[in-house]
Amino acid sequence: TSRIRFLNIRIKAYTCGSAEARLAFHILQSDENGEGHMRVSVSFTKLADMLDISRASLYRAFDSLTDIGVIERNGSDIIIKNRDELSDVANGLL
């Protein structure tokens, strides 16, 4: 069942729609402990490839999520400021 859960998460990540939704979903999934903090452990080029978006779209998505106040970014460190709104973005509600 854990493999099925993993595959379902991967499918959702690729079908989220917008770059913002894909990035928001990735951030939420990467914050496994619910601490509200994550570190991007791969290059931004690799992260863009993982999310199946361009690197420019990845930077715009980071800027967009920062501008609406759901995350704060300092280099590769990401702080979740508003988990509920970030979840709404991931689900395509914002």
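The largest nonpolar core holds 24 residues, and Leu23, Ile27, Leu58, Phe62, Leu65, Ile71 and Leu86 have the most contacts inside it. Such a core is a set of buried Ala, Val, Leu, Ile, Met, Phe, Trp, Tyr and Cys residues joined through side-chain atoms within 4.5 Å. Buried means under 20% relative accessible area, exposed over 50%, and partly exposed in between (1.4 Å probe, protein chains only). This is a predicted model, in which local features need pLDDT of at least 70 and side-chain atom pairs count only at pLDDT 80 or more, while totals for chains, interfaces and linings use all residues. Residues are numbered from 1 along each chain as its sequence is written, and side-chain values use heavy atoms, with hydrogens and water left out.

- At least two core residues each come from helix 2 (19-30), helix 3 (44-51), helix 4 (55-67), strand 3 (77-80) and helix 5 (83-90).
- Helices (H or I, at least four residues) and strands (E, at least two) are DSSP runs, numbered from the N terminus.
- Helix 2 supplies the largest share of this core, six residues.
- Leaving aside residues up to four places away in sequence, Ile27 touches Met38, Phe62, Leu65, Ile71, Ile78, Ile80 and Leu86 (contact: heavy atoms within 4.5 Å).

**Aromatic residues**
- There are two aromatic pairs; rings of Phe, Tyr and Trp (its six-membered ring) pair if their centres lie within 6.5 Å, and planes under 30 degrees apart count as stacked, over 60 as edge-to-face and the rest as tilted.
- The ring centres of Phe44 and Tyr59 are 5.5 Å apart with planes at 25 degrees, so this pair is stacked.
- This pair links helix 3 to helix 4 across 15 residues.
- Phe44 is buried at 12% relative accessibility, whereas Tyr59 is partly exposed at 33%.
- Phe44, Tyr59 and Phe62 make up one aromatic cluster.
- The charged end of Arg73 sits over the Phe62 ring, 4.9 Å from its centre (rule: NZ of Lys or CZ of Arg within 6 Å of the ring centre and within 35 degrees of the ring normal).

**Strands**
- Strand 1 (residues 37-39) pairs antiparallel with strand 3 over three bridges; pairing requires at least two DSSP bridges.
- Strand 2 (residues 71-74) runs antiparallel to strand 3, joined by four bridges.
- Ile78 in strand 3 is the bridge partner of Met38 and of Arg73.
- The hairpin of strands 2 and 3 has two residues between the strands, and Gly75 in this hairpin takes a positive phi near 65 degrees.

**Confidence**
- Mean pLDDT (the predictor's confidence in each residue, from 0 to 100) is 86 for the protein chain, with 85% of residues at 70 or more.
- Confidence is lowest in helix 1 (residues 2-15), at a mean of 65, and highest in helix 4, at 96.
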